[in-house]
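This briefing is meant to be read with the sequence and the 3D view open side by side.

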Amino acid sequence: MGKKDIILNDFIADPHIFADLINGCCFHGSRVIQPEELHPLDCAQATKSNQGNYSKQFRDIKKLLYCNAPAAVLAVENQEHRDFRMPVRCMRYDADEYGRQIKAIIADHKERKGVAYFDEADLLLPVFTIVVYYGSEEWQQPACIHDILDFSGVPTLLRREIPDYPLRVYSVKKDMDVDLFHTELREVMGILQRVDDTKAMKTFISENKDAFSKMTERGFEVIVTCTNSRKLKKYKIGQSEGGVVDMCKAFDEWMEDCREEGQSAGIKKGESRLALLIQKLGEEDRIPDILRAAEDAALRKRLYKKYGL
């Protein structure tokens, strides 16, 4: 698991953020899931290989929804890169969770009645998983298990009978309406949506100054990590007060840093271009023109065009 996933998992694991994410993605912002109804579950799950060997796999985030009684298991998988195995991965995660519940029920019967069994009166809690995709490449497929099955030799009538398994993928850049969120998940996801567009990011922060002026350290850490900004990371050190960070001030410094990096990149590009021109003129033994080009910008421009530089 990469650092981005770890930081994002820690952020979304907060019950207020987790509830907001599910409500915003699945229920158009209606507060169907309440933070106080969510209880943490162990993300380690036992799984069995094809060779019969048991091991542990770790889900990103898993919560028990408790509405006067246990109601469902809700899970979130964070994904930075497209993974064509995702339908099978999520199907297996959910199946292993159902298997865990069955084992727990059997063990409970054994403990209370002395007989290990699972019968028609025993019911399992529903398992619901969503995938939060925050990568730059658009996620078009797979959207279900059928998308990765080879149906080329399968009769149409048989294909209809083969069970499908939908994958609930919510792309941060494509699928999320951040205005449906009610916590600072809105600001965090809003930045991740605009991470490749500095102008749009600046506008978004300007329009939400109040929220960005009092970001939690946890939310700020997600932005720092997912934008790979060393300037923001440096700003964070010693700048938080009571667990709150002023993102507006941090962003101003970040923009200045971006401008300096842009200027530096422009200088390096210009130096490289001039070096290639000097090389071309030297190969043609045009030494006087090298000196003239160094002093005459108009001549340099003509020579760049002539040599395709």
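## Strands, charges and core

Strands E5 and E6 run parallel and are joined by seven bridges. The model is a predicted one, and in it the protein has twelve helices and nine strands. Of its 309 residues, 39% count as buried, and among contacts between residues at least 6 apart in sequence, 60% join residues at least 24 apart.

**Strand E5 and its partners**

- The hairpin of E4 and E5 has three residues between the strands, and in it Asn68 takes a positive phi near 70°; at 77% relative accessibility, Asn68 counts as exposed.

**Salt bridges**

- The structure holds 16 salt bridges, and one of them joins Glu77 to Arg59, with the closest N and O atoms 3.0 Å apart.
- Glu77 lies in strand E5 and Arg59 in the loop between strand E3 (54–58) and E4, so this pair ties together parts that are 18 residues apart in sequence.
- Both Glu77 and Arg59 are buried, Arg59 with a relative accessibility of 2%.
- Arg59 also meets the side chain of Asp94 in a salt bridge, at 3.2 Å from N to O; that pair links distant parts of the chain, since Asp94 belongs to helix H3 (residues 86–113) and Arg59 to the loop between E3 and E4, 35 residues apart.
- Asp94 is buried as well, with a relative accessible area of 5%.
- The side chains of Glu137 and Arg82 form a further salt bridge, at 3.6 Å from N to O; because Glu137 lies in the loop between E6 and H4 and Arg82 in the loop between E5 and H3, the pair ties together parts 55 residues apart in sequence.
- Arg82 is partly exposed, with a relative accessible area of 23%.
- Asp10, Asp14 and Arg218 are linked in a network of salt bridges.

**Nonpolar cores and an enclosed helix**

- In soluble globular proteins, nonpolar side chains tend to be buried together.
- The largest nonpolar core has 44 residues, of which Leu21, Met176 and Met189 touch the most other members, while helix H2 (residues 15–26) gives the most to this core, with six residues.
- Not counting residues up to four places away in sequence, Met176 touches Leu21, Cys25, Val132, Tyr170, Ser171, Phe181, Met189 and Gln193.
- Another core, of eight residues, lies apart from the largest one and includes Leu277, Leu303, Tyr304 and Tyr307.
- Helix H8 (residues 217–227) is largely enclosed by the rest of the structure, because eight of its eleven residues are buried; among them are Phe220, Val222, Ile223 and Val224.

- The protein exposes about 18,300 Å², of which carbon and sulfur atoms supply 52%.
- Phe84, Val88, Met91, Ile148 and Leu149 form a nonpolar patch on the surface, together presenting about 400 Å² of accessible area.
- Ile148 is found in the loop between strand E6 (127–133) and helix H4 (156–161), and it is partly exposed, with a relative accessible area of 35%.
- His146 is found in the loop between E6 and H4, but it is buried, with a relative accessible area of 17%.
- Leaving aside neighbours within four places in sequence, His146 is in contact with Phe151, Arg159, Ile162, Pro163 and Asp164.

**Backbone geometry to check**

- Most residues other than glycine have a negative phi, and most peptide bonds are trans.
- A cis peptide bond joins Gln141 and Pro142, with omega about 0°, and Pro142 has its place in the loop between E6 and H4.
- His28 has a positive phi near 55°; it sits in the loop between H2 and strand E1 (38–40) and, at 63% relative accessibility, counts as exposed.
- Asn228, which follows H8, has a positive phi near 55°.

Key: Residues are numbered from 1 along each chain as its sequence is written. This is a predicted model: local features need pLDDT of at least 70, side-chain atom pairs count only at pLDDT 80 or more; totals for chains, interfaces and linings use all residues. Side-chain values use heavy atoms; hydrogens and water are left out. Patches are made of residues with over 30% relative accessible area and no salt bridge: like charges are joined within 9 Å, nonpolar side chains (Val, Leu, Ile, Met, Phe, Trp, Tyr) within 5 Å. Accessible areas come from the Shrake-Rupley method with a 1.4 Å probe; for residues, only the protein chains shown count as cover. A salt bridge is a side-chain nitrogen of Lys or Arg within 4 Å of a carboxyl oxygen of Asp or Glu. Helices (H or I, at least four residues) and strands (E, at least two) are DSSP runs, numbered from the N terminus. Buried means under 20% relative accessible area, exposed over 50%, partly exposed in between (1.4 Å probe, protein chains only). Contact means heavy atoms within 4.5 Å. A nonpolar core is a set of buried Ala, Val, Leu, Ile, Met, Phe, Trp, Tyr and Cys residues joined through side-chain atoms within 4.5 Å. Two strands pair if DSSP finds at least two bridges between them.
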